[in-house]
Structures are given as C-alpha cells and as structure tokens.
Amino acid sequence: MVALESYDPAVLDSTPGVEFYPGIICRGFVNMHCHSELSYLRGAIEPNCGYTGFAATMAQVRGNFTDQQRSEALAEADREMQSEGIVAVADIVNDSSSFATKSASPIRYRSFAEVFGLKQSNLEHCQQLAEHFPDTTLTPHSVYSVQEDDFQAVCRSATTPLSIHFKESQGEEQLFENSGALAEWYEQAGFNCDFLHYNSAAERIVANIPHDRSTIFVHNSHLTQSDIELIMSHFTAPVYWVLCPRSNRYIAGSTTDTVDLLVKNKLNICIGTDSLASNTSLSIIEELKCFAHIPLEQLLTWATTNGFNALGLKPHGWLNICGADLQNMRITEQTTVKRIL
Ligand SMILES: [Zn+2]
C-alpha cells in the first residue's frame, strides 16, 4: 500500500510501486464479429461496391493468394488485434486455416463454423470443423443463405450461442417479398429458396431458434422496431446485437444508423470489426468513434462487458484509454488505447 502525496503525474510516476496512467482504465476489448481467415483480402475489394458487388468481387479475388500470404495475413491480424487491446474474438470460420494462429495467440477466440449453401450445403464440413477444433460451434450464416432443413438442424442442435448475420442489407428483407437485389441475384443464379413462406427475416428467426438459446445478431443495419419486438418477445435467453459500423460504411457507404434504435430499446449492444475484406483495420476503438454522440461509459460497456457476457467469458485484460473528452465523457478522434496488462 502506498500513500499518495500528490496527484501530479510526475510525482505519482516517481512514487515507488505506483504507475500513472492518464485517462481511463478499463477491461480488455471483445471483438464480437470477425472473419480472421479473410485477413489476406485487406485492400483487395474496393469500398462502396454494395453487398452483391462485394460478394461478387470476393468470389473473383479470393483465389489470387497463396497459402503463405494467407497465413502471414492471419498472424499480422492477430498481432494487430492484440496491440489494439482486443482480448477475445467471436470469429467466423469457413475452413481450418485460422486455427493454428488462434491456438498460439493470447487472445481468446470463440469460433463459429457458419453453415450456408442454397444449392450445396457445407453442413458436414462445418460439423467436422466443430468436432476437430477447440471452442468451435455451428451457426447458420444468415436467414437468407441456408435452406430450411439445415437451418432447423443447426438452430435446434445444441445450446451454445448462435452468431447470425442479420439485416445487413435491404435485400435481405426484400427477399421475403420476392423483390430487391438479393432476389434478383438468386433468380439469375438459379437458386431456389424453400423458406420464403415466412413473412420476414425476423419471423424465420423466431419460428426456428428455441427461445432459450442465446443468439448474437450481427450487423443489424436495417433492423426495425417491429423486428425488435418480435425477437425480444420470443427469446428468454440473452440476445446480443453487434454493430460493425466501419464495415457497413466500407461496403455500402453508409454508417449504422440503427444504434439509436437499439439504445432506445435498451438492448445488449456489442461491437465488431468484421473482416479486413471490408475494413481498413481491426480496431474496436476506431469502431467506437462512429458513435461519438453516445456517453463513453456506455460505449465501453458495449466493447467489454457485453462481449464477455455474450461469449461466456470472465472479463480480463486492462486497457488505458487516452485522449477522450473527460469533461463530457465522450470519445474523440484523438482517443487512443493501450494494453497495460
Ligand atoms: Zn461477417
């Protein structure tokens, strides 16, 4: 125990046993949505090409990289997240390429093997990933990319949390009305969906996910009040809503404007970076800067406590947040983060 004789930073720093950190000290950040295995696509897809343009470009460019480029990019992404104060990650996986980096990392990764495929399902492949790799569970990719049998099988197969891409584009809701960009794309590609008898994306969720299964909804850019009411009146298990504002801006050129709707409904908000295919860095503090009108204390709860709760992890790590507006308790463009423990 050290008696503090002064609040002068220089005096404090020279007091034995005392280190002075200006600003705020908080727990480590949780990145609640990432695809670390796509890290090799940093800068490979132009911003603002829209959701269908993004998916089409991804299909064109993803074969252009060697295994070595992919694994180097993964290691770099992992180091970047560590230096940005991220201590836990909800990571979406399609293959086994990320597991070697993740198992050697001090970051706690929870992997979600995402099931999708309207013509050909990857369910068996995902089941093998979940069987062979630690902390890996199955989840449907979204309500628009999985046929009914697989969707039901995955939603009802276990009790672990699900992590579902939800209401990321307008096309998702329009698909259930047989219109919009996604419906057009599916028609051209010859995809037939056997789930369009549901009236909406949210209706498909509540009809299939057991009410006591915790669920993480990711993106939520086109969420409506009636979606929220339908979903929240169904679930008894905790529901988490992840915002990835810089990814939405990168792909669609717009920021997430549903944040105020989520706040108004007092929902559990979390923060994700999405992948480096649709973001310029993997930094939670940079994501938080998109919400400069929200009190900083609330932002830090989203980036820490809510993420730990969603992943069933104990809070760990300590960060020092500097350069915030401490008078008004708001994040600023100058705000930075440093891991101190
Ligand atoms: Zn994603």
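Which residues does Ala 303 touch, not counting residues up to four places away in sequence? Select Ala 303 and you'll find Phe 29, Val 30, Ile 271, Ile 284 and Leu 288 in contact with it. Keep in mind along the way that this is a predicted model.

Now widen the selection. Ala 303 is among the residues with the most contacts inside the largest nonpolar core, together with Val 242, Cys 270 and Ile 271. That core has 86 residues. For its main contributor, highlight strand E3, residues 86-93: this strand gives the most to the core, with seven residues. As a bit of background, nonpolar side chains in soluble globular proteins tend to be buried together.

Next, pick Leu 311, which sits in helix H15 (residues 305-311). Leu 311 has 22 other C-beta atoms within 10 Å, and 20 or more is the cut-off for buried, so Leu 311 counts as buried. Leaving out residues up to four places away in sequence, Leu 311 touches Val 30, Ala 88, Ala 90 and Arg 110.

Select E7, residues 215-219. Is E7 largely enclosed or open to the outside? Five of its five residues are buried, so E7 is largely enclosed by the rest of the structure. Look for its partners:

- Strand E6 (residues 162-166) runs parallel to E7, joined by five bridges; Ser 163 stands opposite Ile 216 there.
- Strand E8 (residues 239-243) also pairs with E7 in the parallel sense, over four bridges; in E8, Tyr 240 is the residue opposite Ile 216.

Then trace the chain from E7 to E8: the path goes through helix H10 (residues 225-234), and this β-α-β crossover is right-handed.

Last stop: an open sheet of three strands, in the order E1-E10-E11, with antiparallel pairing. Which strands stand at its edges? Colour E1 (24-27) and E11 (336-339): each has a single partner strand, so one side of each is left without a neighbour in the sheet. Neighbouring strands here are turned by 30° against each other on average, direction ignored. Zoom in on E10 (residues 318-322) and E11, which are joined by four bridges and run antiparallel. To finish, select Leu 319 and look across to Arg 339 in E11, which stands opposite.

How values were computed:
Residues are numbered from 1 along each chain as its sequence is written. This is a predicted model: local features need pLDDT of at least 70, side-chain atom pairs count only at pLDDT 80 or more; totals for chains, interfaces and linings use all residues. A residue is buried if 20 or more other C-beta atoms lie within 10 Å of its own, exposed if 12 or fewer, and partly exposed in between; C-beta atoms are placed from the backbone. Helices (H or I, at least four residues) and strands (E, at least two) are DSSP runs, numbered from the N terminus. Two strands pair if DSSP finds at least two bridges between them. A crossover is right-handed if, with the strands pointing away from the viewer, the path from the first strand over the helix to the second runs clockwise. Axes are lines fitted to C-alpha atoms, for helices over the stretch in contact, and angles run from 0 to 180 degrees between N-to-C directions. Two residues are in contact if their C-beta atoms, placed from the backbone, lie within 7 Å. A nonpolar core is a set of buried Ala, Val, Leu, Ile, Met, Phe, Trp, Tyr and Cys residues joined through C-beta atoms within 7 Å.
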